[in-house]
Amino acid sequence: MEAADALAPAPKRSVGRRLADLFHGRPWLQVTGLLSGPLAWLVIGYLGSLAVLLAAAFWSVSALTGEVSQTFSLDNFKTLIDDPVYRTIAWRTVRIAGLVTITDALLAFPIAFYMAKVASRRVRAAMVVAVLMPLWSFYLVKVYAWRTMLSTDGIINWALGPLHIHGPGYGTTAVWLVMSYLWLPYMILPIFAGLERIPNSLLSASEDLGASPFTTFRRVILPLAFPAVVAGSIFTFALTMGDYITPQLVSNTQFIGTVVSNNITNNLPLASAFAVVPIVVMVIYLLIARRLGAFEHL
Amino acid sequence: MRLSRSSRISLRIVVAIVLAFIYIPLIVIFIYAFNSSNLLEWPPPGLTLHWFPEALKNTDARDAFVTSLKVGAAATAVALFLGTLASLAVARHRFFGRETVSFLVILPIALPGIVTGVALSDTFTQVLGVPLSLLTVIIAHATFCIVVVYNNVVARLRRSSMSIDEASADLGADPWQTFRYVTLPTMSTALAAGALLAFALSFDEIIVTLFTIGPGEQTLPIWIFENLFRPNQIPIVNVVAVIVVLLSIIPVYLAHRLTREDEGVSGRGGSVVTEATATP
Amino acid sequence: MRGQTAGRPMRTAWLIAAGLVAMLFATGCGSSSSSSSRNTDMAQSVGKGEGELNLVAWAGYVANPWKSDFEKATGCQVNVKVAGTSDQMVQLMRQGGYDGVSASGNASARLVDAGDVSPVNVGLVPNYQSIYPDLKDQPYNTFDGTHYGIPHGRGANLLMWNKNDVKPAPTSWDVMLDPKKAAAYKGKISVYDDAIYIADAAVYLKAHQPDLGIDNPYELNKTQFDAAVNLLKEQQPNVGEYWSDALKQISAFSGGDDVVGTTWQYQYFALKGKGQPMASSPASQGFVPKEGATGWSDTWMISSQAAHPNCMYKWMNFIVSPKANAEVAQYFGEAPAQSKACDPSTLTAAAKAEGLPANPKFCDQYHAADPSFWKRVYYWQTPLADCGNGNTDCMDYNDWVNAWTDIKG
């Protein structure tokens, strides 16, 4: 076969081949070619837009028209620091985000574990579909359903009536409850994927070495699944930090997003300044999550 | 893993409770879709099928549905393109700033929707002088959808060995052919899963959309937002939600099957080559 | 294609990208709005309709039957975006894509000064002639002698309560603002979610704490302002809901979540129409509790970037035509701007078209032709540092918005 090939004429250098030759042996060119599109989009487009927004944080505004004048000023940050309500709101948002994350982790782990390690193949498939389905019913419809469930004449008070207990009604508790509900699938899926990746042979080996199921859980499963939990927590934390519609629909409380949206029209610099808070928090959170290995489990 | 009988039972109970938690609100939505009154008291006074044909007749809802499909498809296509490019670069090469790409890609979805929405909206209207329209919505959606495609494809590429690609090159294929005949099929299930998730994200998105959409257009979530408190429309909103959920069962199941098959072919933690060479 | 370290050229590429971002930042191409001077382009004639009209309006201002009458008469298809607060309206007009807006006084000055709206040539609006004189040339629709809009109608914010749950029937705002009385309805009070509500507290204090010397509830010096803010901070624990969506408030009242609150006639009539046991200050009092009330006098304004200016002029003329103005006024429950709308036969015909019972006394009940009544109603206006009496130490709108965030906590 080799002899015949040696006699056959070399294939014509098509444009495609010539281009391929250009890239060959020049990995930097390959990477640039591959990354130029996404990077232009994300860096120039997205980060550029963020820069534009954050630049406004250092400007001042006319009280009458809301016109932004590009004169440098730190007044907005001064307002945020001087007035304690902004600290209260920021801390409230972070606190609820943390609570929601912990709640979802506690709710998601058992079900993810069951799906990954206990359920039969068919049950697992059914459960994956069952867990993903709520993602397809609209966020707004779900929040509104909770609003009606929590109302004075709603199903929660109706169900608890015979026990003479009142449901939580609207308020911060309601926000925590609804957000834990909304983001739960985003926590279940990464944990499920992470647990699936743990080979059953590891668990058998642990058993063979004499560990009780609890010890196996604590010293084998949990450490291996932890990065996946962190990956899921990125979503629950980020989505809670940014939401202002749920707090508006089931409570009176102000979240960071509420303040930003209230100030967007007439005081964009203040809104931008306050927007720095969730951006900084999320960047730090992402850096920690990356260090914990979460990015491989998203 | 062997669990004691009591552990198994307690686990099953916990799972049942969590599933109940997940589904009770959905069941409430389902029931309200058949509610004979348009006041949302509980329990509902009666049931009727009346709202289903009303929903199908509602032109605003239908138009919004079609708009959402268009935006979702376009945003997914862009996200697929950009996400694949980025994941190929990251999974197949080492370079300065490689870690940063993963970080960059997740930023649009990790930052609050209102921040992304206002930033993009201001850039469009003030810096670029571009009026808001469906195009601006598509651009915004694609930006935060890139991450789901990227993650799926990177995970897939990491699991598959590069030796197949090298074998393909050794056999005389140029890089484009290798990509088309070897890499792409390997990635296809990851692409499908990523595309489905990206579409779902775009379909349900409200906050960023509110800031980037033009005045004459409505996606389905925006239509829902406008009708959320109108007594005559709320049952229709519930019907629309129920219809969409039911319609989504098929693609969700398909996506799951695709990723399961994917596992079967390459095996967990291994590549086709390893499996092939493992058999004696 | 083994993964190779790409080395120095990659670093350069990254530096270039970073530099681009820095450049963007440095050139400060940021949110510089349109010119900071007022828009002075005024139409000189109204041509053929463009076939479409995009409006920003309060709930209940653009509805059938007058909306479809307009569409049939002019061929301009109307798309309306309902906004819940003046802030939302300003935001939407700045975003662009709309031809006109029904602006209250706490939006009109801002829109004019930012150049978002154009002057209106009232010569092109024949029905303007017969608008009530005390609505013309007002500081909220006429700026330095130039008309910037067509008056729509006016009304007072309403105190509404559930007859079955709130007894005795309140005659004063103290049911919501006096801490002791408000505590009786803790968690069931409904308050308008906008900084402009601080003026309601100022109106209350004007009557109940006259030594504060409050005259215009929108021109408050620091002492007066702090007093109003403190009153609202005391109210906050009793508030069930801060509302900005009219329909959301309707659902809250009909679901029993709220029993007393500040509202607009639109919600009040909608709830009564559903058989809910609502009541408000009686017609004999002009629907206003004894301290007076904040209110609005709305103006239709045309966007400086209107894509359909002819349709907008046609709309402005149509909405203040006698029949249409009578229809919208009776539908919403406000005093019409058009004097000819108060002609009894016009009122009756309009009510009939809407399926409402005929009420030839409508305009009297709503004090449409009674300027002295409106002295007790403080139309929304934009708080400015200029107190109007030579002082410039009044709190401006930014202070109000910051305080509102503070109040809600």
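Helices here are DSSP runs of H or I with at least four residues, strands are runs of E with at least two, and both are numbered from the N terminus. With that settled, I started at A:Phe226, which lies in helix H11 (residues 213–242) of chain A.

Before going on, I noted that this is a predicted model, where local features need pLDDT of at least 70 and side-chain atom pairs count only at pLDDT 80 or more, while totals for chains, interfaces and linings use all residues. Residues are numbered from 1 along each chain as its sequence is written, and chains are lettered from A and ligands numbered from 1 in the order in which they are written.

**Entry: A:Phe226**

A:Phe226 counts as partly exposed because 16 other C-beta atoms lie within 10 Å. I also looked up A:Asn263, which is 37 residues from A:Phe226 in sequence and 39 Å from it in space, C-alpha to C-alpha.

**Entry: chain A against chain B**

For contacts I used C-beta atoms, placed from the backbone, within 7 Å. On that basis 76 residues of chain A touch 69 residues of chain B. On the chain A side, helix H3 (residues 27–55) gives the most, with 16 residues. The side of chain A that touches chain B has 57 nonpolar, 12 polar and 7 charged residues.

Chain B has 12 helices and 0 strands. Of its 280 residues, 49% count as buried. I also have 76% of the chain B contacts with a separation of 6 or more coming from residues 24 or more positions apart.

**Entry: the largest core**

A nonpolar core here is a set of buried Ala, Val, Leu, Ile, Met, Phe, Trp, Tyr and Cys residues joined through C-beta atoms within 7 Å. The largest one has 314 residues, and A:Ala112, A:Ile191 and C:Ile198 have the most contacts inside it. Helix H9 (residues 172–196) of chain A gives the most to this core, with 16 residues. I followed A:Ala112 and left aside its neighbours within four places in sequence: its contacts are A:Ile188, A:Ile191, A:Phe192 and A:Leu195.

C:Ile198 took me to helix H7 (residues 198–208) of chain C, where 9 of 11 residues are buried. Among the buried ones are C:Ile198, C:Asp200, C:Tyr204 and C:Lys206. The cover over them includes helix H8 (222–235), strand S13 (293–303) and helix H15 (397–408) of chain C.

**Entry: domains**

The bounds I used come from an automatic or database domain assignment. Chain A is divided into domain 1 (2–45) and domain 2 (78–297), with 44 Å between their C-alpha centres. Chain C has domain 1 (52–154 + 298–364) and domain 2 (156–295 + 381–408). Their C-alpha centres in chain C lie 25 Å apart. The contact takes 14 residues from domain 1 of chain C and 12 residues from domain 2 of chain C. Helix H4 (residues 105–113) of chain C supplies the largest share of the domain 1 side, 4 residues.

**Entry: strand S1 of chain C**

Strand S1 (residues 52–57) of chain C has 5 of its 6 residues buried. I count strands as paired if DSSP finds at least two bridges between them. S1(C) has 6 bridges to strand S2 (residues 77–82) of chain C, running parallel, and C:Leu53 stands opposite C:Val78. The β-α-β crossover from S1(C) through helix H2 (residues 66–74) to S2(C) is right-handed, meaning that with the strands pointing away from the viewer, the path from the first strand over the helix to the second runs clockwise. S1(C) also runs parallel to strand S3 (residues 100–103) of chain C, through 2 bridges.

Most residues other than glycine have a negative phi, and most peptide bonds are trans. I found a cis bond joining C:Asn64 and C:Pro65, with omega about 10°; C:Pro65 sits in the loop between S1 and H2 of chain C. Another cis bond joins C:Lys167 and C:Pro168, with omega about -5°.

Then I looked at positive phi. C:Asp144 has phi near 50° and counts as exposed because it has 7 C-beta neighbours inside 10 Å. C:His367 has phi of about 55° and is buried, since 21 other C-beta atoms lie within 10 Å.

Methods:
Contact = placed C-beta atoms within 7 Å. Nonpolar A, V, L, I, M, F, W, Y, C, P; charged D, E, K, R; others polar. Buried ≥ 20, exposed ≤ 12 C-beta atoms within 10 Å, placed from the backbone.
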